[in-house]
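Please look over the sequence and the structure below before reading on. The report that follows goes from the overall layout to the core, and then to individual residues.

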Amino acid sequence: MSHPILVSSIEMRTRTILAFVSLAAAVVLGCRSLPPSKPASEWTPQEARGAQVYQQNCAKCHYPNNTHSLHGPGLQAITKIKAMPSGAPPTDERLTTVILRGRNMMPATQLGDDQLNDLLAYLRTL
């Protein structure tokens with residue numbers, strides 16, 4: 001008999017891997033390169049504050065300037081692609097839900113409204 005926690009953990013990892021593979025296939029099959037990130041020298045003050053929020057809360061698991069996985073998916077062009085690794089469109093509402101509530105192995109992140117808005121502004125630069 002399988003242990004329910006072990007099965008759940010394996011199932012979550014499998015779903016996460018499948019989501020990453022789907023994203024990679026969409027990028028490769030689309031034959032389009034992702035748009036470049038906005039240079040830091042061109043960031044608004046809000047985007048710069050968002051970069052700080054990102055460094056403090058997100059950088060340990062997500063690369064900002066590519067789609068390679070660290071512990072979570074890379075986030076280059078996350079707001080410019082048709083679907084996030086979950087398959088959902090990358091709207092501010094969906095990004096906010098994932099950031100604040102977490103998803104699969106991603107923990108919830110507690111941010112104030114200003115921090116969240118700054119982070120969303122930064123994510124749009126990627």
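## Overall layout

Read along the sequence, the protein follows the pattern α-α-α-α, and its secondary structure comes to four helices and zero strands. Please keep in mind throughout that this is a predicted model.

Of the 126 residues of the protein, 31% count as buried. Among the contacts between residues at least 6 apart in sequence, 49% join residues that are at least 24 apart.

## The largest nonpolar core

The largest nonpolar core has 20 residues, and those that touch the most other members are Tyr54, Ile78, Ile99, Leu119, Tyr122 and Leu123. The elements that give two or more residues to this core are α2 (45-57), α3 (92-101) and α4 (113-123), and α4 gives the most, with five residues.

## Helix α4 and its partners

Which residues of α4 are buried? They are Leu116, Asp118, Leu119, Leu120, Ala121, Tyr122 and Leu123, and the buried residues of this helix pack against α2 and α3.

On the α2 side, the contact is made by Gln46, Glu47, Arg49, Gly50, Ala51, Val53 and Tyr54, while α4 brings Gln115, Asn117, Asp118, Leu119, Ala121, Tyr122 and Leu123. Sorted by class, this contact of α2 with α4 has seven nonpolar, four polar and three charged residues.

For α3 and α4, the packing angle is about 120 degrees and the axes are 11 Å apart, so these two helices are oblique to each other. Their crossing is right-handed. The residues that make the contact are Asp92, Leu95, Thr96, Ile99 and Leu100 of α3, together with Leu116, Leu119, Leu120 and Leu123 of α4. By class, the contact of α3 with α4 has seven nonpolar, one polar and one charged residues.

## A buried and an exposed charged residue

Asp118 lies in helix α4, and because its relative accessibility is 8%, under the 20% cut-off, Asp118 counts as buried. When its neighbours within four places in sequence are left aside, Asp118 is in contact with Gln46, Arg49 and Gly50.

Lys82 is found in the loop between α2 and α3. Is Lys82 buried or exposed? Its relative accessibility is 74%, and because the cut-off for this class is over 50%, Lys82 counts as exposed. Not counting residues up to four places away in sequence, Lys82 touches Ala88, Pro89 and Pro90.

## The segment after α4

Leu126 has its place in the segment after α4, and at 2% relative accessibility Leu126 counts as buried. Leu126 and Thr79 are 47 residues apart in sequence, yet their C-alpha atoms are 7.7 Å apart in space.

Beyond residues up to four places away in sequence, Leu126 touches Ser37, Pro64, Asn65, Leu75, Gln76, Ala77 and Lys80. One of these, Ala77, is taken up again in the next section.

## Two residues with positive phi

Ala77 is placed in the loop between α2 and α3 and has a positive phi of about 60 degrees, although it is not a glycine. With a relative accessible area of 0%, Ala77 is buried.

Asn104 lies in the loop between α3 and α4, and its phi is near 50 degrees, which is again a positive value in a residue other than glycine. How does the accessibility of Asn104 place it? At 34% relative accessibility, Asn104 counts as partly exposed, because that class covers values between the 20% and 50% cut-offs.

Technical notes: Residues numbered from 1 in each chain as written. Predicted model: local features only at pLDDT ≥ 70, side-chain atom pairs only at ≥ 80, totals over all residues. Heavy atoms only, no water. Core = buried A, V, L, I, M, F, W, Y, C linked by side-chain atoms within 4.5 Å. Buried < 20%, exposed > 50% of the residue type's maximum accessible area, 1.4 Å probe, protein only. Contact = heavy atoms within 4.5 Å. Nonpolar A, V, L, I, M, F, W, Y, C, P; charged D, E, K, R; others polar. Axes fitted to C-alpha atoms, helices over the stretch in contact; angles between N-to-C directions. Parallel < 35°, antiparallel > 145°, perpendicular 65-115°, else oblique. Left-handed = near helix turned anticlockwise from the far one by under 90°.
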